[in-house]
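Here's a friendly walk through the model shown below. Take a look at the picture first, then read on.

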Amino acid sequence: MSDVRTHAEEISAQFSDHLDVSVDEIESELRTLVDDYSVPLEEARRSVTSSYLDDAGMDRDELAPGGSESTVVGEIDTDEQWVDLEVQVADLWEPGHDSISQVGLLGDESGTIKFVAFDTSELPELAEGASYALGNVVTDEYEGDYSVKLNRTTTIEELDREVEVGDDGVAVEGALVDLQSGSGLIKRCPDEECTRVLQNGRCSEHGQVDGSFDLRLKAVLDDGDRVQEVIFDEAATASLTGIDLAEAKQMAQDALDTTVVEEEIAARVTGRYYRVYGPEFRRYVLVDEFEELDGAASAEETLIRARSI
Amino acid sequence: MSGVPSREVARRVFAAEYNDGSHTFKESDDERAPLYYLLPTGERANRVFLVGTLTETEDVGEDSEYWRGRIVDPTGTFFAYAGQYQPEAAAALRDLSSPAYVAVVGKPRTYETDDGTVNVSVRPESISEVSAGARDRWVAETAERTLDRIEAYDDEANEYGRMARERYDLEIDQYREAVVAALKSLEQGDELGGQETEPPA
């Protein structure tokens with residue numbers, strides 16, 4: 001495909017919602033400028049774009065910036081940027097609304113980001129686990145969290161290589177100052193799609209159910225400046241506390257009470273310092289790795305600081 | 001944001017500073033608004049985290065159990081009180097044998113005695129036994145946080161620094177000196193096998 005053709009297609013995509021103009025037409029206008037008048041391609045594109053802007057009665061800043069920038073998901077930190085990504089579909093979720101055709105997670109080596117595709121864009125469906133080059137997706141920001149939206153101009157090309165999904169974990173240090181309710185031995189809804197934590201044997205979605213046991217901790221790490229809620233899943237809880245699911249069930253059975261598990265765990269972990277590492281999920285960090293911290297490593301530097309004030 | 005009130009951070013403060021304050025305040029008329037204790041170095045504290053040596057526990061209650069724990073850091077002594085409304089902390093004080101390194105998460109409480117002096121104590125949310133390493137880490141961390149507050153004390157934008165200057169007549173440099181002493185005690189502790197400096201009376 002020639003450069004001119006590519007630019008023509010991009011311009012066409014930019015105006016597809018506003019003007020009925022074919023790629024061929026645009027290409028021929030570009031060619032006239034480039035071939036007949038020796039205008040550099042970029043300048044030709046600018047000129048052609050301007051005339052279409054006039055036709056559509058639009059300002060340049062209403063336009064999707066053409067030749068959207070190629071980036072990685074971890075670099076996305078601005079709202080309403082047009083970007084190209086090469087990603088693997090890491091996860092697909094149930095769309096929460098009729099207008100949404102697909103929602104899920106896209107990943108590349110820099111991490112993962114949420115994506116949304118809308119019914120009205122009439123795009124081909126993305127398959128979970130497949131890798132794609134996505135052209136012209138637009139970034140979106142909500143309460144500090146970034147996502148990308150696929151749209152009518154988005155190009156989707158399946159890649160024959162697999163894009164590696166890196167982990168986008170964060171490290172948090174602090175004293176474990178509290179275990180929140182819902183920590184320890186809990187019961188979850190047995191529905192595979194649901195797995196909500198039961199309250200008094202009830203699932204908020206499925207009512208009274210015969211739950212299945214799970215072990216997890218919702219803990220608060222506090223470094224004296226800020227607090228961070230973290231979740232230890234069954235494996236991380238077992239490795240942190242030395243109590244695995246089987247032992248937790250046994251403890252609860254012996255005591256005829258599940259709360260003994262949380263109490264025992266609280267005694268083992270509260271007041272200790274940890275560094276945890278894992279991906280962020282809503283207001284939590286999901287702990288993949290952790291280590292206990294002790295000792296006053298930086299005491300000498302602090303002493304120098306104290307004497308210099 | 002989510003409508004869930006954010007959890008109050010647990011301040012790090014040495015006993016020498018903690019026991020010097022007296023002023024508490026709320027920032028809203030709401031009955032359930034958090035109560036803050038004003039630290040002498042100019043920060044509001046609704047919660048504190050401290051690690052020290054539990055040197056003594058005593059049931060000082062008359063009708064029901066009311067446990068008092070003395071917890072010593074390199075600069076002084078914290079007093080923690082737990083009764084029937086803090087059953088876990090009270091049980092911990094009952095069961096722990098001193099001396100032991102303990103971590104305490106709790107709320108600052110002030111109490112005015114008959115002669116008008118104000119005592120500051122901690123109402124624990126939790127008390128747990130920890131290692132000497134955790135204690136050392138707390139001392140180093142508390143030193144850092146205290147220096148942060150001392151450096152920000154005179155900032156125009158620091159409303160709690162201003163509040164401390166208005167409410168208290170205290171020499172801030174003594175808390176910098178306390179930091180130095182606390183950090184030096186860590187070094188000595190290493191050399192002398194964990195000996196504590198004498199807390200002031």
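Let's start with a strand pair in chain A: S5(A) and strand S7 (residues 155–158) run antiparallel and are joined by 4 bridges. Within that pairing, A:Leu134 sits opposite A:Ile156 in S7(A). Strands (E, at least two residues) and helices (H or I, at least four) are DSSP runs, numbered from the N terminus, and two strands pair if DSSP finds at least two bridges between them.

A quick word on the ground rules: this is a predicted model, where local features need pLDDT of at least 70, side-chain atom pairs count only at pLDDT 80 or more, and totals for chains, interfaces and linings use all residues. Residues are numbered from 1 along each chain as its sequence is written, while chains are lettered from A and ligands numbered from 1 in the order in which they are written.

| Pair | Bridges | Residues facing each other |
|---|---|---|
| S2(A) (residues 82–93) and S5(A) (residues 131–142) | 6 bridges | A:Val87 and A:Tyr132 |
| S5(A) and S6(A) (residues 145–150) | 5 bridges | A:Thr139 and A:Val148 |

S5(A) and S6(A) also form a hairpin with 2 residues between them, and A:Glu143 in the turn has a positive phi of about 50°.

Stepping back, chain A has 7 helices and 17 strands.

Now for the insides. A nonpolar core is a set of buried Ala, Val, Leu, Ile, Met, Phe, Trp, Tyr and Cys residues joined through C-beta atoms within 7 Å. The largest one has 82 residues, and A:Leu221, A:Val230 and B:Val104 touch the most other members. H3(B) gives this core its largest share, 7 residues. There's also a second, separate core of 21 residues, which includes A:Leu134 and A:Val148.

Where does B:Leu147 sit? You'll find B:Leu147 in helix H3 (residues 132–152) of chain B. B:Leu147 counts as buried because 20 other C-beta atoms lie within 10 Å. Leaving out residues up to four places away in sequence, B:Leu147 touches A:Arg305, A:Ala306, A:Ile309 and B:Val179; contact means C-beta atoms, placed from the backbone, within 7 Å. B:Val179 is 32 residues away along the chain, yet the two C-alpha atoms are separated by 7.8 Å.

Technical notes:
Buried ≥ 20, exposed ≤ 12 C-beta atoms within 10 Å, placed from the backbone. Contact = placed C-beta atoms within 7 Å.
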